[in-house]
Amino acid sequence: MDNRLFFPATLRNRDFIGDVISSIIKTNGSILEIGSGSGEHGVFFQKRFPEIKWQTSDPDKIHRKSINSWIEHERLNKKMPQPLEIDVSKVPWEIPLDLSNSLIGIISINLLHVASWNSAELLFRESGKLLKKEKFLMLYGPFKIENKHISQSNYLFDNSLKFQNPLWGIRNIGEVSKEAERNGFFQEDIISMPANNFSIIYKKFRDN
Ligand SMILES: C[S@@+](CC[C@H](N)C(=O)[O-])C[C@H]1O[C@@H](n2cnc3c(N)ncnc32)[C@H](O)[C@@H]1O
């Protein structure tokens, strides 16, 4: 059965995000994606980076079905594992041993603004436990700089998020990076992306 979902933004941002990923991948291994959504990013990045094993995840069953459908549609079954059921707020995350042993990075695209701050804290805590020194955590999405929105459209988007769920909202990079540091990461780079988004690259500076 074809359970593929189509998230239009993925087609617009995947090349730009892929370029950032390409600049931070230094070795072979596995990448864990948190909040994979439809799975369109996952299959696209798996094809662009064949040396990597791309491990998707999502807490939403419909999204996991879509991810599986995309994997099948792109004939990546032999290469890509099935999505894991990871909700960042439910700790500890259950991670297969072969994944944790080969993990070079964790990537989360468009998650922090549709999750509670507690989920953000747990994303860093669990990632900090899983990733060894020198490994990366990459976030992509809309963020505030020095607690200010970078565009009127982000301001309006933030209001609409808070209206849907008072725990959601566009996060301030400074606070996000403080949380990262508490868990053994330093902010290596902030890259301005199209459509008022950022990629933030964190690197582990210690083994937790
Ligand atoms: C805005 S969508 C982004 C999906 C995809 N990354 C993209 O950019 O198209 C947010 C995704 O995060 C997932 N999500 C929401 N809460 C989550 C949580 N607590 N832990 C992990 N994923 C979560 C949702 O199910 C959804 O697939």
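Figure 1. The view comes from a predicted model.

**Figure 2. The open sheet of six strands.** The strands of this open sheet follow the order S2-S1-S3-S4-S8-S7, and their pairing is mixed. Strand S2 (52-55) and strand S7 (185-193) are at the edges; each has a single partner strand, so one side of each has no neighbour in the sheet. From one strand to the next, the twist averages 20°.

**Figure 3. The end of the sheet with S7 and S8.** Strand S8 covers residues 197-204 and pairs with S7 in the antiparallel sense, over eight bridges. In this pair, Ile191 stands opposite Ser199 of S8. Helix H7, made of residues 173-182, lies across both S7 and S8. The helix runs at about 150° to S7.

**Figure 4. Helix H1 against helix H2.** Two packed helices are described by the angle between their axes and by the distance between the axes. For helix H1 (residues 8-24) and helix H2 (residues 40-48), the axes come within 10 Å and cross at roughly 40°. H1 is therefore oblique to H2. The crossing of H1 past H2 is right-handed. On the H1 side, the contact is made by Thr10, Arg14, Gly18 and Ile21. On the H2 side, Glu40, His41, Phe44, Phe45 and Arg48 take part. By class, this contact has three nonpolar, three polar and three charged residues.

**Figure 5. Helix H5 against helix H7.** H5 passes H7 in a right-handed crossing. Which residues of H5 meet H7? They are Ala120, Glu121 and Phe124, and they meet Val176, Glu179 and Ala180 of H7. The contact of H5 with H7 divides into four nonpolar residues, two charged residues and no polar ones.

Notes. Residues numbered from 1 in each chain as written. Predicted model: local features only at pLDDT ≥ 70, side-chain atom pairs only at ≥ 80, totals over all residues. Pairing = 2+ DSSP bridges. Helix = DSSP H or I, 4+ residues; strand = E, 2+ residues; numbered from the N terminus. Axes fitted to C-alpha atoms, helices over the stretch in contact; angles between N-to-C directions. Contact = placed C-beta atoms within 7 Å. Parallel < 35°, antiparallel > 145°, perpendicular 65-115°, else oblique. Left-handed = near helix turned anticlockwise from the far one by under 90°. Nonpolar A, V, L, I, M, F, W, Y, C, P; charged D, E, K, R; others polar.
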